[in-house]
Amino acid sequence: ARNEIWAYGLRNPWRFSFDRETGDLWIADVGQSAWEEIDLQLASSAGGENYGWNAYEATHAYPPGTSPASGDFTPPVIEYGRAAGQSTTGGYVYRGTANEAMWSTYLYGDFGSGAIWGARRSESGVIENQLLAETGFSVVSFGEGDDGELYVIDFTGGTIYHVTAE
């Protein structure tokens, strides 16, 4: 990649955000036909990562049934299939003070299923991901307040909800 290209091989990023504490870049990338993905570009990156589209849809060769492409691809840190959702929506890393248990958790959702997940990166780099809520919302976006508190936006109802642990 040319020096001015920070990242490529993304199909349709639907929201990305920088972790306000670490500077890491979290990218939710909507899939083509079978897989949704979350990519992570660490603040220490020199840039130029290739996330694989259109040779891969998440970690799966694309188009389906073709042989995996060769090259220097950066795989997603999270992927999920159509049984879990149809259109990923990126969020933010929680840096608020109201819920200590959510600290440093990246929250993201799915427009089709209404699911909201939380992913946390351990000091060793392992990503732990878990389903936090099945909301029934059309999760179109997240918001982050100056205080680090997070909000989720329901497209269908047009309502903004404060994310809490309850």
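Let me begin with burial: a residue is called buried under 20% relative accessible area, exposed over 50%, and partly exposed in between, with a 1.4 Å probe and protein chains only. By that criterion both Tyr108 and Trp117 are buried.

What we are looking at is a predicted model, in which local features need pLDDT of at least 70 and side-chain atom pairs count only at pLDDT 80 or more, while totals for chains, interfaces and linings use all residues. Residues are numbered from 1 along each chain as its sequence is written, and side-chain values use heavy atoms, with hydrogens and water left out.

Now to the rings, where Phe, Tyr and Trp (taken by its six-membered ring) pair if their centres lie within 6.5 Å, and where planes under 30 degrees apart count as stacked, over 60 as edge-to-face and the rest as tilted. The whole structure holds eight aromatic pairs. One of them is Tyr108 with Trp117, stacked at 5.2 Å centre to centre with 20° between the planes; these two residues also belong to one aromatic cluster with Trp26, Tyr80 and Tyr106. Phe137 and Tyr161 are stacked as well, at 4.4 Å and 10°. Phe137 lies in the loop between β12 (127-134) and β13, and Tyr161 in strand β15, so this pair ties together parts that are 24 residues apart in sequence; strands here are DSSP runs of E, at least two residues, numbered from the N terminus. Phe137 is buried at 18% relative accessible area, whereas Tyr161 is partly exposed at 32%.

Finally, Tyr161 in β15 stands opposite Val152.

Methods: Pairing = 2+ DSSP bridges. Helix = DSSP H or I, 4+ residues; strand = E, 2+ residues; numbered from the N terminus.
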